[in-house]
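The reader is asked to follow each space in the structure shown below.

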Amino acid sequence: MDKYTDLIHQTFDFPTDEFQVENNELLFNGIPLMDIIKKYGTPLKLTYLPKISSQIQKAKLIFKESIEKLNYNGTYTYCYCTKASHFSFVMEEALKNDIHIETSSGYDIQIVRALHAKGKIDKNIYIICNGFKRERYREWISDLINDGFVNCMPILDHLGEIEYYKENVHVKTKLGIRLAADEEPKFEFYTSRLGVRYNDVIDLYEQQIKNDPKFELKMLHYFINTGIKDTSYYWSELSRFIRKYCELKRHCPELDTVDIGGGFPIKTSIQADYDYRYMTEEILRTFKRICAEEGVPEPNIFSEFGIFTVGESAANIYSILDEKLQNDKELWYMIDGSFITNLPDAWALNQRWPLLAVNHWDKEYRKIQLGGMTCDSQDYYNSEMHSFQVFLPKIPKKEPLYIGFFHTGAYQEQLSGYGGIKHCLIPSPQHILVDRDENGEIKTWQFAPEQTPESMLKILGYQI
């Protein structure tokens with residue numbers, strides 16, 4: 001019977017820049033995963049910090065070269081969308097690359113304060129403040145602006161938001177407006193709950209911003225949930241947005257920047273299937289074409305990539321505890337973790353990630369279902385992006401089988417409530433950070449141990 005290594009090589013163009021195999025054991029970005037497992041055990045979350053920087057540099061280079069190729073007359077600015085992962089090690093690695101920040105809640109502003117106190121940012125950094133804002137968020141934004149963060153920019157999400165800044169901001173302030181995009185036709189409702197209606201934008205500027213010397217409208221913000229994809233829906237919404245920008249620009253000469261939001265995807269299978277350069281060039285061409293038709297200068301462009309920045313930097317590693325044959329053909333491998341609690345998008349959104357065996361590539365493979373440790377019937381994983389089934393090596397008698405889910409760096413800890421109470425009290429796994437020293441040698445350390453029962457008992461009120 002064919003071995004697992006035969007299956008992978010037949011299915012994919014393997015090895016890749018990211019995945020290699022030596023002595024029937026998997027390497028991830030050159031990291032011998034079995035060495036990590038032997039040192040720390042499983043389950044574990046692993047974050048490879050250099051991948052964050054390489055992703056940022058990749059996007060910045062593509063935009064730079066595309067702008068030069070197309071003779072685009074605006075600049076490009078890279079922002080990191082903090083909600084993808086708020087961890088300090090993510091923020092500090094990203095900030096090594098001359099980037100800026102997009103926020104979505106009041107507590108993000110306290111992260112900005114902490115980064116400034118540590119000398120990681122200065123007061124000239126762009127802070128793009130998005131979201132529907134409760135008073136505390138608006139208060140902390142106002143405090144930043146009054147304290148000299150000259151590029152802290154509230155993005156108005158509804159018509160009444162500006163009233164707070166009129167009363168509480170005391171210095172010249174840059175503003176943006178988010179437009180409420182139409183959702184994809186198959187979505188449950190028609191227009192996004194976030195942003196200002198297209199028909200209200202001109203009146204908002206004319207009545208509340210234009211004649212107030214304290215405010216300067218600089219940015220129009222665009223975002224759709226499906227991300228930057230080569231679909232008629234995306235191009236139609238982008239074109240509609242650009243024409244509204246051109247219309248507003250005629251009323252507001254100081255308006256010179258657009259934010260195209262987030263949306264560069266990551267690989268959900270081993271093989272790349274997205275042409276970043278083509279999409280970037282088409283976005284720029286669309287701006288150039290419509291701005292030329294409308295007789296308006298091409299705007300500067302911001303993006304706020306979150307998943308793209310941090311997603312491919314991480315992996316979740318599990319051991320297979322045992323196997324269970326539940327009927328004549330359904331064989332279950334039980335992992336020492338939970339999909340619901342560790343990888344909630346697998347349960348909530350049917351998200352798929354690259355899944356590979358870490359060891360035993362020389363063993364025969366079999367079709368299996370993966371089961372998590374909670375008692376919930378939805379705690380399973382039984383299909384991959386390229387296939388409606390999962391294949392893994394047979395479990396040998398003496399050495400455990402280890403598996404990895406890759407590109408899990410965005411949103412999973414935030415959605416699962418890192419350090420909190422999980423379904424069936426499944427603990428948060430230990431978190432291991434991986435970097436390279438000045439000689440390129442791998443170094444690892446434990447950011448956080450596995451969640452303890454004492455921490456859970458305290459949260460639940462059993463311990464003071």
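In this predicted model, the second largest pocket has a volume of about 170 Å³. Its lining is formed by Lys324, Gln326, Trp332, Met334, Gly371, Gly372, Thr374, Asp376, Ser377, Asp379 and Tyr380. Of these lining residues, three are nonpolar, five are polar and three are charged.

Across the whole structure, five cavities of 30 Å³ or more are found. The table lists two of them by volume.

| Space | Volume |
|---|---|
| Largest cavity | about 80 Å³ |
| Second largest cavity | about 40 Å³ |

Which residues line the largest cavity? They are Lys45, Asn316, Thr341, Asn342, Glu413, Ser416, Tyr418, Lys422, Ser428, Pro429 and His431. Two helices, helix 12 (339-342) and helix 14 (412-416), each contribute at least two residues to this lining.

Around the second largest cavity lie Lys45, Thr47, Ser85, Phe87, Phe89, Val90, Val310, Ser313, Ala314, Gly409, Glu413 and His431. Strand 4 (44-48) and helix 4 (88-94) are the elements that give two or more residues to this lining. The lining of the second largest cavity divides into five nonpolar, five polar and two charged residues.

Notes. Residues numbered from 1 in each chain as written. Predicted model: local features only at pLDDT ≥ 70, side-chain atom pairs only at ≥ 80, totals over all residues. Heavy atoms only, no water. 1 Å grid on protein atoms, 1.4 Å probe; cavity = no way out; pocket = protein on both sides within 12 Å on 5 of 7 lines; lining within 4 Å. Points joined across faces, edges and corners; volume = space filled by probe spheres on them. Nonpolar A, V, L, I, M, F, W, Y, C, P; charged D, E, K, R; others polar. Helix = DSSP H or I, 4+ residues; strand = E, 2+ residues; numbered from the N terminus.
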